[in-house]
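Good morning, colleagues. Please take a moment with the chain on the screen before I begin with its sheet.

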Amino acid sequence: MPFINVKYSGEITPDNENNIKSALGSAVSVIGKSENWLMVGFEPNCSLYFKGEKSPKIAFVDVSVYGSASKSAFEQFTGEVCRILGENLGVPADKIYVKYSPTENWGWNGGNF
C-alpha cells in the first residue's frame with residue numbers, strides 16, 4: 001500500500017501523469033509492493049527551491065509505505081524514480097529528493113491493516 005506524491009516545480013501534462021503513474025506502478029515492485037494497491041498524487045507548479053535557487057525542474061517525491069523494505073530496495077527505487085522523472089519531465093537526478101515514510105499503521109475501507 002504505497003502512496004507516492006510527486007511535487008514538481010513545472011507543468012505536468014495529462015500524458016506525463018499517465019506515463020509516470022504507469023512507470024511507478026511497474027517500478028514499485030522493487031520495494032515489494034504492487035500497483036494493485038498503489039496510489040499516486042501529483043502536485044504540479046509547486047514553488048520549490050534547491051540550493052537557494054528556484055529552478056523550473058525540481059521535484060520532491062514522498063513515498064509512504066505500509067510496512068517497510070530494505071535499504072537497498074529503497075535505494076534501487078530512488079534510482080527508478082529519478083529515471084522516470086528524468087525521462088518524462090526532464091528533471092535532472094541531482095534536483096530530485098525522494099523521502100521514504102514506512103509505517104505499521106495504515107487505514108483503508110473503514111479499518112486498519
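In which sense do strand S5 and S6 pair, and over how many bridges? Strand S5, residues 59-66, pairs with S6 in the parallel sense over eight bridges. One of the residues involved is Tyr66, whose bridge partner in S6 is Thr103. Two strands count as paired if DSSP finds at least two bridges between them; helices (H or I, at least four residues) and strands (E, at least two) are DSSP runs, numbered from the N terminus.

A note on the source: this is a predicted model, in which local features need pLDDT of at least 70 and side-chain atom pairs count only at pLDDT 80 or more, while totals for chains, interfaces and linings use all residues. Residues are numbered from 1 along each chain as its sequence is written, and side-chain values use heavy atoms, leaving out hydrogens and water.

The four strands form an open sheet in the order S2-S1-S5-S6, with mixed pairing. At its edges are strand S2 (39-43) and strand S6 (96-103), each pairing on one side only.

Turning to the helices, H1 (residues 14-27) lies across strand S1 (3-8) and S2, at about 145° to S2. Helix H2 (residues 71-89) packs on the sheet and touches S1, S5 and S6, its direction making about 135° with that of S6. Contact here means heavy atoms within 4.5 Å; axes are lines fitted to C-alpha atoms, for helices over the stretch in contact, with angles from 0 to 180 degrees between N-to-C directions.

Finally, the cysteines: with a disulfide defined as a pair of cysteine sulfur atoms within 2.5 Å, the count is zero. The sulfur of Cys82 is too far for a bond, because the closest cysteine sulfur, in Cys46, is 17 Å away.
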